[in-house]
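Look over the sequence and the fold first.

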Amino acid sequence: MFLLNALKKHIDVILFILFNLIVFSFITNNVETDIEEHLQHIVNINANVTNYPPNFLFYYLANILSLFSSNLKLLYWSTILLLSTSNTLRFYISKLIIKKLSKNNGFKLKPTQLTVLGLLLFICFGIPDYFNLFEFKKLYITRIVSNVWHNSTLILLFPFTFLLFFKQYQVFENPLKSKPLDLVIITFLVLINIIIKPSFVFVYIPVTLIFLLKIMLSLGFRKIAYLFLPIILGSLFLLIQYLMIYKFQIGSIQSDEVSQVIIVKPFKYYLYWMPAWYLPIMFLFSYTLPFFSIILKPKILKYKPFLYALCMSIFGLLISIFVMESGPRQWHGNFMWQNIICSSLLFLTNVIFLNTCYLKKNNMSAKLKFLTGIFMLHCVSGVIYLFKIYYTHMYI
């Protein structure tokens with residue numbers, strides 16, 4: 001009976017992981033993605049041809065699940081399981097965040113409400129238009145999206161970014177009540193982020209520092225100095241990883257030429273994929289819901305979780321606009337990944353705020369109906385994107 005009740009309670013999680021197993025089984029066997037390149041790197045590691053990269057955790061976990069096999073088929077199945085589990089963990093954590101933030105606002109959501117919101121947020125995607133559907137024929141590369149199916153390290157990273165974001169927000173809410181264990185957990189999450197993929201930490205460190213400095217001005221530095229520990233250690237971890245990647249080229253997949261981090265003319269990476277006139281359209285249809293939410297519900301800017309995610313999104317965009325790599329990774333877009341994570345957090349906090357607005361009045365105003373319609377367009381776009389992958393066998 002206990003097992004049966006547990007299955008009933010988490011039936012959405014069980015169905016969700018089954019769905020992911022099906023999707024990743026199709027993608028790994030039919031679509032050319034970054035996953036193949038990452039798995040070939042594991043084969044080379046096991047053959048002692050190369051070493052683990054500094055962001056090693058995906059490679060190591062996939063290796064463990066395959067029992068350190070060099071058999072690509074076995075590695076594929078271990079990766080399918082790993083990525084499906086990661087996506088499911090992200091879905092579960094997003095439900096917990098929705099539940100806790102809603103409770104902070106005085107509302108207790110039903111399990112079905114949490115499941116529906118979690119699922120809708122997971123499939124949320126940039127809204128397509130005529131040009132990227134029929135002219136460019138690229139849905140992913142012409143949008144800042146909230147979800148990906150093709151990059152194994154980013155998929156594994158997602159649940160840990162959600163945990164780091166929410167745990168740090170809780171510290172902002174009660175800085176003087178923070179315990180040493182809270183800082184240990186945050187620092188651990190920062191380290192986990194870096195050894196999977198450092199992208200989110202690029203925005204986490206500077207934006208969190210600004211928020212902490214603001215708190216410091218009101219409470220005094222001595223009272224909250226200990227809160228800077230994750231920032232300091234995270235910066236040190238990043239510096240070490242930077243040296244390992246760009247100076248010593250440890251475990252590099254592209255070993256023929258050294259890549260470097262460079263400052264470029266604005267939008268250089270974006271303009272490689274789309275014309276300049278399309279950039280405003282790209283940004284508008286990527287962030288349609290947050291854009292109109294700020295216009296129609298300006299109080300959202302006072303909602304701290306949304307503001308935190310918004311500042312991260314802005315900083316992440318600035319990085320992608322001005323920073324690139326040179327060498328063989330020049331057009332890999334490795335300074336774009338943080339935008340995807342920040343977009344997912346932005347939509348998560350945006351929807352929680354709008355749901356709170358609805359619950360407070362228990363009715364749908366014209367503004368809320370309009371914003372709900374936009375959100376549903378984002379969600380339908382995610383379904384369209386999955387069908388696009390299925391029919392074209394391409395993720396871009």
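## Basis

This is a predicted model, where local features need pLDDT of at least 70, side-chain atom pairs count only at pLDDT 80 or more, and totals for chains, interfaces and linings use all residues. Residues are numbered from 1 along each chain as its sequence is written, and side-chain values use heavy atoms, with hydrogens and water left out.

## Helix α8

Helix α8 spans residues 152-173, 22 residues in total. Helices here are DSSP runs of H or I with at least four residues, numbered from the N terminus. From first C-alpha to last, α8 reaches 33 Å, close to the 32 Å expected at 1.5 Å a residue. That expected span is 1.5 Å times one less than the number of residues.

The helix has a kink of about 35° at F158, shortly before the proline P159. The bend is the angle between axes fitted to the seven residues ending at a position and the seven starting there. Of the 22 residues of α8, 18 are buried, so the rest of the structure largely encloses this helix. Buried means under 20% relative accessible area, exposed over 50%, and partly exposed in between (1.4 Å probe, protein chains only).

## Helix α2

Helix α2 covers residues 11-30 and has 20 residues. Its C-alpha span, first to last, is 29 Å, close to the expected 28 Å. Its buried residues are D12, V13, F16, N20, V23, F24, S25, I27 and T28.

## Salt bridges

There are five salt bridges in the structure. The criterion is a side-chain nitrogen of Lys or Arg within 4 Å of a carboxyl oxygen of Asp or Glu. One of the five joins K95 and D12, at 2.5 Å from N to O. K95 sits in helix α5 (residues 72-104) and D12 in α2, so the pair ties together parts 83 residues apart in sequence. Both K95 and D12 are buried.

Helix α8 takes part through K167, which pairs with D182. Their closest N and O atoms are 3.3 Å apart. D182 belongs to helix α9 (residues 180-196), so this contact links parts 15 residues apart in sequence. D182 is buried, at 17% relative accessible area.

E173, also in α8, pairs with K304. Here the closest N and O atoms are 3.7 Å apart. K304 lies in helix α16 (residues 304-322), so the bridge connects parts 131 residues apart in sequence. Both partners are partly exposed: K304 has a relative accessible area of 32%, and E173 has 38%.

Definitions and conventions. Helices (H or I, at least four residues) and strands (E, at least two) are DSSP runs, numbered from the N terminus.
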